[in-house]
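Here are a few notes to go with the model you asked about. Have it open while you read.

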Amino acid sequence: MPKFRVVLAEHGYRDVQIERDIIEAAGGELDDCHGQPIEQVLEACRDADAILVRRIQFTPERIAALRKCKTIVRYGVGVDNVDLPTATKAGIIVGHVPVYCQDEVSTQAIALLLACIRTVVSTHDKLRAGGWDVHANEPVYRAAGKTLGIVGLGTLGQAVATKLQNWNLRLIAADPFVDPEIASRLNVQLIPFDSLL
């Protein structure tokens, strides 16, 4: 008989074998509820010792229905979908994954930046429509020598700055909470938000 039960409320991944292996190695069992109706998921959570969640909201009412939960951990950065005061009063520890998708999101931010300055979408659309002189009325910008402002130099902002180190850009950032030493190591000048804008 397992020592504890973890409910995986929803996830969206092909499989959860890594989670299952870790939980079973610790003596627990994993109940994967992904894809089930929300009522069934919440019913499964009622007697869970721990809950892994991605987007489902854990409101005060839903937390009050949990009979023995000790922890709720979110797949992702932040815990805005869990009512922290209610969870704390119930003795439930709430956690998250601060580096969740850090590489993927920072790469996507750079891809979107490039799509904007290199007019990727509009050029694609014009070419598909049979156009050839696609940049006659729409400038395409060079990245080298420009200034890039990063709003927030947390884990994602730092990942973007790291990836852009050799792009010949002046990197500036606005973040009142970051350690100035981190910005210095990344060759990023910290400035006030209004100045960055």
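This is a predicted model: local features need pLDDT of at least 70, side-chain atom pairs count only at pLDDT 80 or more; totals for chains, interfaces and linings use all residues.

1. Residues are numbered from 1 along each chain as its sequence is written, and side-chain values use heavy atoms, with hydrogens and water left out.

2. The whole structure has five salt bridges (a side-chain nitrogen of Lys or Arg within 4 Å of a carboxyl oxygen of Asp or Glu). One of them joins lysine 163 to aspartate 103, with the closest N and O atoms 2.7 Å apart. This pair links distant parts of the chain, helix H7 and helix H5, 60 residues apart. (Helices are DSSP runs of H or I, at least four residues, and strands are runs of E, at least two, numbered from the N terminus.)

3. Aspartate 49 and lysine 68 also pair up, at 3.9 Å from N to O. Aspartate 49 sits in the loop between H2 and E3, and lysine 68 in the loop between H3 and E4. Aspartate 49 is buried because its relative accessible area is 18%, given that buried means under 20%, exposed over 50% and partly exposed in between (1.4 Å probe, protein chains only).

4. Now for the backbone: asparagine 168 has a positive phi, near 60°, and so does asparagine 187. Most residues other than glycine have a negative phi. Asparagine 168 lies in the loop between helix H7 and strand E7.

5. Finally, valine 151, in strand E6, counts as exposed because its relative accessibility is 55%.
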